[in-house]
Amino acid sequence: PGRSCSMASRVQWTRADLTELVLRVPGYRDALRVVDEMDDVVKALKSLKPKVDQLVRNDGSEGTMVCLDGTIPMFHNQKKYNCPLCIWINLDFPSSPPTCYVKPTQDMAIKPRHVHVDSAGFVYHGYLTTWTHQSTLKILCDTLTAAFSQDSPVYAVPGGGGARPPQPRSQ
């Protein structure tokens, strides 16, 4: 319990930290690839934090996985904004793409009928639907930054109370 708190609040992640985190979840087919991919992302995007959590999908199925939780940048009129995002790395990664959710804060809502994000925050994008072994989490983040910069999936709501995606249950 104490260890997970210190890991969750860690500012910099070493490969050893990431390896320890990934190995806490049994069943990853290619744990080394997961560590490599996460290492690339956390070096480039310090706003995404690795953690182990329980994902409850829209269909009610659930699983314990490693995820990258935080924000990715998006740009509008030369201003940088932060899009709250969680990238869940499935156990058979990289055979299957990660599962991504936009997670609006209390002062945000998900834009209705967004081309890449449904009302629950689930992210749909061609990069995910055409995922191959050559696809990477870093390119996914860059691709979503570009897509969300063209059309933000979230907007500000005065007073809060926006639509919320399924919330993971912490362990």
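## Overall fold

Of the contacts in the chain with a separation of 6 or more, 55% are made by residues 24 or more positions apart, where contact means heavy atoms within 4.5 Å. This is a predicted model, in which local features need pLDDT of at least 70 and side-chain atom pairs count only at pLDDT 80 or more, while totals for chains, interfaces and linings use all residues. Residues are numbered from 1 along each chain as its sequence is written, and side-chain values use heavy atoms, with hydrogens and water left out.

The chain has five helices and six strands, and from the N terminus on these elements follow the order α-α-α-β-β-β-β-β-α-α-β. Helices (H or I, at least four residues) and strands (E, at least two) are DSSP runs, numbered from the N terminus. Of the 171 residues in the chain, 47% are buried, a word that stands for under 20% relative accessible area, with exposed meaning over 50% and partly exposed lying in between (1.4 Å probe, protein chains only).

## The sheet and its helix

Four strands form an open sheet in the order β1-β2-β3-β4, with antiparallel pairing; two strands pair if DSSP finds at least two bridges between them. The edge strands, each of which pairs on one side only, are β1 (48-56) and β4 (99-102). On average, and with direction ignored, neighbouring strands of this sheet are turned by 35° against each other. Helix α5 (residues 137-150) packs on the sheet, where it touches β1, β2, β3 and β4, and its direction makes about 45° with that of β2. For such angles, axes are lines fitted to C-alpha atoms, for helices over the stretch in contact, and the angles run from 0 to 180 degrees between N-to-C directions.

Strand β2 (residues 62-76) is joined to strand β3 (residues 79-89) in the antiparallel sense over 11 bridges, and Val-66 stands opposite Ile-89 in β3. The antiparallel pairing of β3 and β4 runs over four bridges, and the bridge partner of Cys-86 in β4 is Tyr-101. In a regular strand the side chains alternate between the two faces of the sheet. In β4, Thr-99 and Tyr-101 point one way, Cys-100 and Val-102 point the other way, and all are buried.

## A buried loop residue

Val-25 lies in the loop between α2 (15-23) and α3 (31-44), and because its relative accessible area is 5%, Val-25 counts as buried. Leaving aside neighbours within four places in sequence, Val-25 is in contact with Val-52, Thr-64, Met-65, Val-66 and Leu-91. The C-alpha atoms of Val-25 and Asp-53, which are 28 residues apart along the chain, are separated by 9.4 Å.

## Cysteines

The structure holds zero disulfides, a disulfide being a pair of cysteine sulfur atoms within 2.5 Å. The cysteine sulfur closest to that of Cys-141 belongs to Cys-100 and is 7.7 Å away, so the two are too far apart for a bond. Cys-141 is buried, with a relative accessible area of 1%, and Cys-83 also counts as buried, at 0% relative accessibility.

## The second largest pocket

The second largest pocket has a volume of about 280 Å³. Of the 15 residues that line this pocket, the closest to its centre are Met-74, Tyr-81, Ser-152, Val-154 and Tyr-155. The elements that give two or more residues to the lining are β2, β3, α5 and β6 (154-156).

On a 1 Å grid over the protein atoms alone, a pocket is an open set of points with protein on both sides within 12 Å along at least five of seven lines, and lining residues have an atom within 4 Å of a point. Grid points are joined across faces, edges and corners, and a volume is the space filled by probe spheres set on the points.

Conventions:
On a 1 Å grid over the protein atoms alone, a cavity is a set of points where a 1.4 Å probe fits but cannot get out, and a pocket is an open set with protein on both sides within 12 Å along at least five of seven lines; lining residues have an atom within 4 Å of a point.
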